[in-house]
Amino acid sequence: MNIHEYQAKILFDQFSVPNPRGKVAGTPEEAAAAADELGGDRVVVKSQVHAGGRGKGTFKSGFQGGVHLVSPSEVSEIAGKMLGEVLVTKQTGEDGRMVRKVMVGEAVDVAHEYYLAILMDRATCSPVIVASTEGGMDIEEVAETQPDRILREHIHPLIGLQPYEIRKLTAGLGFEGEEAKKFGKLLRNLYRLFLECDCSMVEINPLVRTTDGQVLALDAKFNFDDNALYRHPEIVDFRDTGEEDPREVEASKHDLNYIGLDGNIACLVNGAGLAMATMDIIKHHGGEPANFLDVGGGASQEQVSTAFKIILSDEAVKAILVNIFGGIMDCDVIAHGVVAGCKEVGLPIPLVVRLEGNNVAAGKATLAASGLNIIPADDLADAAGKAVSAING
């Protein structure tokens, strides 16, 4: 789950991570009032969407930039050009994201920008701190062109962040004196936030050193471990479903693991590993998967039927491949769900089904007796080949 920048500031304040003051606004009038409350002769107006690269983004209206440094008198006009408009950045794709809120933030005089992130390293199963003196840029570009500017410090998951690790990062980024102490405190509090909120990533880009010697988190991007959200109802309340794929939102309501992709062969599979393998084999046969969809090991008939409705709501889907290995799962339950879903929403496209395992004979009999035009498959390779062939005529 992701959150907006203005919500990230709430967490920063709770964990004493220094950051500039800011207020969220949903109308130009609210934005102007926020600027008056913050005071000063300059403020920053930032579009609030779940995507990076906002400053270099373009609105479909033609207005340039999702981040603007302006005088308080200009805030209402600038906010009006952002709110209710679609912002397109490198991370949103061509469709862009609708801006429903803006954040009006306190402007600071920046002496230098840095990059700082804490994330989970899947290879070592431990947190890793990534930092760079080249903040405000695409970190991927820095890693490719200036790899020596990237600092990495793996943190032992049981021992935690140690003083010597803080000193290494502080020296690597060039902080000295009082600024070094301020960075060290910020890093300790950020690591505590990362652990206590079950984050999978906290990214600050840029972290800044101001001309008056402050060290501040100027921007933030969070990602949380979905499996741990039951421990954090206050974070779940931050969820903005308007920023998510409607199909993924609907799937989550029924405990289905769905991620939309750009292909045209939809997949319905039980088990994450099997789903990944199914997508790989579709690509091996020259096709493109339209989604990742794991119904889990104990899906009900209702869940399977719902999964079919979600799949068929995607107009790009031209064929469906159902790949079920029944261990805990009963193949006949899957078959009844497939039949119910198809009969409720219709079956306008080819459907290839491969069933194997628990109660497979009954499952195949249910499909055969359904009267639906279902293409049976003997194994996964056969299923993928038939799905690709069905699309290609």
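Colleague: In which strand is Pro206 found?

Modeller: This is a predicted model, in which local features need pLDDT of at least 70, side-chain atom pairs count only at pLDDT 80 or more, and totals for chains, interfaces and linings use all residues. Residues are numbered from 1 along each chain as its sequence is written, and side-chain values use heavy atoms, leaving out hydrogens and water. A cis peptide bond, with omega about 10°, joins Asn205 and Pro206. Strands (E, at least two residues) and helices (H or I, at least four) are DSSP runs numbered from the N terminus, and Pro206 is found in strand β11 (residues 199-210).

Colleague: How far apart are the end C-alpha atoms of helix α13?

Modeller: Helix α13 has twelve residues, 380-391.

Colleague: Which elements do the buried residues of α13 pack against?

Modeller: Buried means under 20% relative accessible area, exposed over 50%, and partly exposed in between (1.4 Å probe, protein chains only). The buried residues of α13 are Leu380, Ala383, Ala384, Gly385, Ala387 and Val388. With contact taken as heavy atoms within 4.5 Å, these residues pack against β15 (265-269), α9 (272-284), β17 (319-326) and β18 (351-357).

Colleague: Is Cys125 buried or exposed?

Modeller: Cys125 lies in the loop between β8 (110-121) and β9 (126-132). Although Cys125 is not a glycine, its phi is positive, at about 55°. Its relative accessibility is 59%, so Cys125 counts as exposed.

Methods
Expected span 1.5 Å × (residues − 1).
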